[in-house]
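Please walk through this model with me, one element at a time. Keep the sequence and the 3D view side by side.

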Amino acid sequence: MRQIEKQMLTAIHSRKDWKSANTEVVVTYFAHAAKPIERTTVLLHGSPIAEITHDSVAICDCGYQTPTTKSRLNAILHELCGAGIYQKAHKWYGTAIEESDWEIEPESRHVFVRG
């Protein structure tokens, strides 16, 4: 895992805004009915590649299926969900515990349950 990804995960776990080079973590709090909600967004080059709540992680490559995007998403998914992304024949696939692998189309959004 890259040093920047370790720092990104530290910011996610500590629920603090953070930015280094092309990667940023933004924590947002807002009210929903009587219950406050916290959402952490991870941006890569300004594009939101992950939205994290207390029970889920939603990912999107924002149309950039690059090695860097995949690396950032894998760091998040491995740490929080026990899931991941791999590439085969120029296509991305998602993998999760007790799930069959599936193709990840560019710009599609996928939601993972936090483990």
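Isoleucine 85 has glycine 94 as its bridge partner in β7. The model is predicted, so read every detail as a computed one. That pair sits between two antiparallel strands: β6 and β7 (residues 91–95) are joined by five bridges.

Step back to the sheet. β6 and β7 belong to an open sheet of three strands, with the order β6-β7-β8 and antiparallel pairing. Which strands stand at the edges? They are β6 (84–88) and β8 (102–104). Each has a single partner strand, so one side of each lacks a neighbour in the sheet. From one strand to the next, the twist averages 40°. A helix covers part of this sheet. Helix α2 (residues 67–81) lies across β6 and β7 and runs at about 145° to β6.

Now turn to the other sheet. This open sheet has six strands, in the order β1-β2-β3-β4-β5-β9, again with antiparallel pairing. Its edge strands are β1 (18–20) and β9 (109–113), and each pairs on one side only. Here the twist averages 25° from one strand to the next. At the β9 end, five bridges join β5 to β9, and the two strands run antiparallel. Within β9, valine 113 stands opposite serine 56. Helix α1 packs on the sheet and touches β1, β2 (23–32), β3 and β4. The direction of α1 makes about 170° with that of β1.

Take threonine 40 first. Threonine 40 lies in strand β3 (residues 35–44). Is threonine 40 buried or exposed? Its relative accessible area is 3%, so threonine 40 is buried. Setting aside neighbours within four places in sequence, threonine 40 is in contact with Ile12, Val25, Val26, Val27, Ala50, Glu51 and Ile52.

Next comes serine 47, which is placed in strand β4. Serine 47 has 18% relative accessibility. Buried means under 20%, so serine 47 counts as buried. Beyond residues up to four places away in sequence, serine 47 touches Val42, Cys62 and Tyr64.

Follow the contact from threonine 40 to Ile12. Leaving out neighbours within four places in sequence, isoleucine 12 is in contact with Val25, Thr40, Val42, Ile52, Ile76 and Leu80. Isoleucine 12 is also among the residues with the most contacts inside the largest nonpolar core. The largest share, six residues, comes from α2.

The two helices also meet each other. Two packed helices are described by the angle between their axes and the distance between the axes. For α1 and α2, the axes come within 10 Å and cross at roughly 45°. The two helices are therefore oblique to each other, and their crossing is right-handed. On the α1 side, the contact is made by Ile4, Glu5, Met8, Leu9, Ile12 and His13. On the α2 side, Ser71, Arg72, Ala75, Ile76, Glu79 and Leu80 make the contact.

Note on methods:
Residues are numbered from 1 along each chain as its sequence is written. This is a predicted model: local features need pLDDT of at least 70, side-chain atom pairs count only at pLDDT 80 or more; totals for chains, interfaces and linings use all residues. Side-chain values use heavy atoms; hydrogens and water are left out. Helices (H or I, at least four residues) and strands (E, at least two) are DSSP runs, numbered from the N terminus. Buried means under 20% relative accessible area, exposed over 50%, partly exposed in between (1.4 Å probe, protein chains only). Contact means heavy atoms within 4.5 Å. Two strands pair if DSSP finds at least two bridges between them. Axes are lines fitted to C-alpha atoms, for helices over the stretch in contact, and angles run from 0 to 180 degrees between N-to-C directions. A nonpolar core is a set of buried Ala, Val, Leu, Ile, Met, Phe, Trp, Tyr and Cys residues joined through side-chain atoms within 4.5 Å. Angles under 35 degrees count as roughly parallel, over 145 as roughly antiparallel, 65 to 115 as roughly perpendicular and the rest as oblique. A crossing is left-handed if the near helix is turned anticlockwise from the far one by less than a right angle, and right-handed if clockwise.
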